[in-house]
Amino acid sequence: QVSLEESGGGLVQPGGSLSLSCAASGFVLNYYSIAWFRQAPGKEREEVSCVGKVDGDTLYTDSVKGRFAVSRDNDKRMGYLQMNNLTPDDTAVYYCAVDFSDCRTLINNPPENFWGPGTLVNVSS
């Protein structure tokens with residue numbers, strides 16, 4: 001069976017950093033773009049970042065640009081989201097999702113079924 005699982009969340013002080021991982025099982029990750037989304041309590045889900053299957057295909061939402069960095073390791077079947085200079089506004093459950101589409105298409109048309117269960121990031125003093 002195929003699956004995605006996020007890890008790396010937790011409690012961090014404002015200004016701190018966290019690194020999230022998205023582990024893929026049961027399929028070859030090379031052929032998929034990997035997108036990160038988040039949902040804060042009482043708010044709508046929003047896109048965060050994406051790394052595609054082609055070099056240079058990366059996207060960041062404006063609120064995280066310059067603070068977050070997305071990457072992947074196909075041999076390890078892993079996607080990553082490095083988060084720096086965190087603020088309380090970054091508090092949310094973070095999810096990864098994959099699809100055959102490029103990053104622009106994936107961000108604008110999130111998959112309905114292929115998501116991980118999420119990992120909670122809590123930025124608080």
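Which residues does R67 touch, not counting residues up to four places away in sequence? The contacts of R67 are Q82, M83, N84, N85, L86, T87 and D90, where contact means heavy atoms within 4.5 Å.

This is a predicted model, in which local features need pLDDT of at least 70 and side-chain atom pairs count only at pLDDT 80 or more, while totals for chains, interfaces and linings use all residues. Residues are numbered from 1 along each chain as its sequence is written, and side-chain values use heavy atoms, with hydrogens and water left out.

## Overall architecture

The chain has 10 strands and one helix. Read from the N terminus, the order of elements is β-β-β-β-β-β-β-β-β-α-β. Helices (H or I, at least four residues) and strands (E, at least two) are DSSP runs, numbered from the N terminus.

The radius of gyration is 13 Å, which agrees with the value near 14 Å that a compact globule of 125 residues would have. That radius is taken over C-alpha atoms, and the globule rule is 2.2 Å times the number of residues to the power 0.38. The C-alpha trace spans about 40 × 30 × 25 Å along its principal axes.

Of the contacts between residues at least 6 apart in sequence, 61% join residues at least 24 apart. Buried residues account for 44% of the 125 residues; buried means under 20% relative accessible area, exposed over 50%, and partly exposed in between (1.4 Å probe, protein chains only).

The chain exposes about 6700 Å², of which carbon and sulfur atoms supply 44%. Accessible areas come from the Shrake-Rupley method with a 1.4 Å probe, and for residues only the protein chains shown count as cover.

The chain carries 10 positive and 15 negative charges, whose mean positions are 2 Å apart. Lys and Arg count as positive and Asp and Glu as negative, without His and the chain ends; each charge is placed at NZ of Lys, CZ of Arg, CG of Asp or CD of Glu.

## Nonpolar cores

In soluble globular proteins, nonpolar side chains tend to be buried together. A nonpolar core is here a set of buried Ala, Val, Leu, Ile, Met, Phe, Trp, Tyr and Cys residues joined through side-chain atoms within 4.5 Å. The largest core has 27 residues, and W36, L81, M83 and Y94 touch the most other members. At least two residues of this core come from each of β3 (18-25), β4 (33-39), β5 (46-51), β7, β8, β9 and β10 (119-123). Another core, of 10 residues, lies apart from it and includes A35, A97, I107 and W115.

## Selected residues

Most residues other than glycine have a negative phi. R77 is not a glycine, yet has a positive phi of about 55 degrees. R77 sits in the loop between β7 (68-73) and β8 (78-83). N85 also has a positive phi, near 50 degrees, in a residue other than glycine. The loop between β8 and β9 (92-99) holds N85, and N85 is one of the residues that R67 touches.

R67 itself belongs to the loop between β6 (58-60) and β7. Its C-alpha atom is 23 Å from that of P110, 43 residues away along the chain.

P111 is in the loop between α1 (103-108) and β10. Beyond its neighbours within four places in sequence, P111 is in contact with A97, V98, D99 and L106; A97 is also among the members of the core of 10 residues.

D102 lies in the loop between β9 and α1. With neighbours within four places left aside, D102 is in contact with S33 and D57. V54 is 48 residues from D102 along the chain, and their C-alpha atoms are separated by 8.2 Å.

S25 is part of strand β3. Its contacts, apart from neighbours within four places in sequence, are Q1, V2 and S3. S25 and V93 are 68 residues apart in sequence and 21 Å apart in space, C-alpha to C-alpha.

The accessibility of these residues is listed below.

| Residue | Relative accessible area | Class |
|---|---|---|
| R67 | R67: 14% | R67: buried |
| P111 | P111: 13% | P111: buried |
| R77 | R77: 33% | R77: partly exposed |
| S25 | S25: 35% | S25: partly exposed |
| D102 | D102: 40% | D102: partly exposed |
| N85 | N85: 47% | N85: partly exposed |
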